[in-house]
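Visitor: I am new to this structure. Could you show it to me and take a few questions?
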Amino acid sequence: MAALEPALVVVNGMLHIGLITEVELVEAAQELKHWPETLSNHLLLHLADSRMESVAETRTDYLCWAQHLPRPEPQVEIFDEQGLAFARVDFAWAEYGVFLEFDGKVKYEKFRRPGESLDDFLMREKRREERICQLTGWICIRLTWVDLENPIATARRIGRLLASRKPLPV
């Protein structure tokens, strides 16, 4: 991880759970702006986002920024034909018709229903992804921790997919 990435993970986590507000973060950075070696504070403020719900999401967002990919919109709501919220995806590039889901172990433990087997959960997740694709016409990219350990190859994969898609009207 780059030196900025761990700080971003901490700041996004604090923002997300409400330990600090964006205003308080900006005020703290202002107090330090003339301290030596604080140039990265400006960048940290630019990248900080309270919508990141996990370390994995922060690192995925950072990967996109650091590898010069278009930054995806986090926590995008997907609506059904009646306009009701159906799902929320981790990230989306709506203009390219692409969404990204991060698959970590916690997801498969935390979001299983009582008595639901792992196989049942995985099938439900596959149906969810298929339904999102049907509702939006988008395609899905799935990332895991292994992908984050190889950011250049992962960024190439994402970049090729985005380049293959013509921007859609949003």
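Visitor: Which residues are buried in α8?
Guide: This is a predicted model, in which local features need pLDDT of at least 70, side-chain atom pairs count only at pLDDT 80 or more, and totals for chains, interfaces and linings use all residues. Residues are numbered from 1 along each chain as its sequence is written, and side-chain values use heavy atoms, with hydrogens and water left out. In α8, the buried residues are T154, A155, I158 and L162; buried means under 20% relative accessible area, exposed over 50%, and partly exposed in between (1.4 Å probe, protein chains only). Helices are DSSP runs of H or I with at least four residues, strands are E runs with at least two, and both are numbered from the N terminus.

Visitor: Where do they lie around the helix axis?
Guide: The buried residues of α8 fall within an arc of 95° seen down the axis, so they line one face of the helix. The arc is that of the directions from the helix axis to the C-beta atoms.

Visitor: And which residues are exposed on the other side of α8?
Guide: R156, R160, A163 and S164 are exposed there.

Visitor: What do the buried ones pack against?
Guide: They pack against helices α4 and α7 and strands β2, β3 and β4, where contact means heavy atoms within 4.5 Å.

Visitor: Changing topic, is E125 buried or exposed?
Guide: E125, in helix α6, counts as buried because its relative accessibility is 8%.

Visitor: Which side chain does its side chain make a polar contact with?
Guide: That of R142, at 3.1 Å. A polar contact is a pair of N or O atoms within 3.5 Å; within protein, one must be able to donate a hydrogen and the other to accept it, and residues adjacent in sequence count only if both atoms are side-chain atoms.
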